[in-house]
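Let's take a walk through the aromatic rings of this one. Keep the viewer open and follow along.

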Amino acid sequence: MKTSSLYIHIPFCLHICTYCDFCKVFYNKELVDDYLEVLKKELNDLNLNIPLKTIYIGGGTPTTLEADQLDRLLGTIRENFDLEHVLEFTVEAGRPDSITKE
């Protein structure tokens, strides 16, 4: 069976680290909300008929998203992809100061 992987880039950070070469901007709630809406449209239009094996959400710092924002993103992924064959689902959490119980 042919499978594919999905990478979603969340370019938002609470702190901009000088050593980081990834595309990133300071967290701004309205900007994140707009980004998630555009991302949702892109994922709706992607129309992949290939089962996903891995999903990786990286950044920036994906854990800078507020709980409701992360929930919306995960909901969009569930709505658009068959997760039955996913073996790995990773959310990068590189900064301990951005992780909450939510």
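Start with Tyr 56, which is partly exposed at a relative accessible area of 31%. Keep in mind that this is a predicted model. Tyr 7 also counts as partly exposed, with 44% relative accessibility.

Why put these two tyrosines side by side? A pair of aromatic rings is described by the distance of the centres and the angle of the planes. The count for this model comes to two aromatic pairs. Tyr 7 and Tyr 56 make a stacked one, at 6.0 Å centre to centre with 15° between the planes. Tyr 7 sits in strand β1 (residues 4-10) and Tyr 56 in strand β4 (residues 52-59), so their pairing ties together parts that are 49 residues apart in sequence.

Is Phe 12 buried or exposed? With 2% relative accessibility, Phe 12 counts as buried, while Tyr 35 is partly exposed at 28% relative accessible area.

Phe 89 has 35% relative accessibility, so it counts as partly exposed. Leaving aside residues up to four places away in sequence, Phe 89 touches Ile 55, Ile 57, Leu 74 and Ile 77. Take Ile 55: its C-alpha atom is 4.8 Å from that of Phe 89, although the two residues are 34 residues apart along the chain.

Conventions
Residues numbered from 1 in each chain as written. Predicted model: local features only at pLDDT ≥ 70, side-chain atom pairs only at ≥ 80, totals over all residues. Heavy atoms only, no water. Phe/Tyr/Trp six-rings, centres within 6.5 Å; stacked < 30°, edge-to-face > 60°. Helix = DSSP H or I, 4+ residues; strand = E, 2+ residues; numbered from the N terminus. Buried < 20%, exposed > 50% of the residue type's maximum accessible area, 1.4 Å probe, protein only. Contact = heavy atoms within 4.5 Å.
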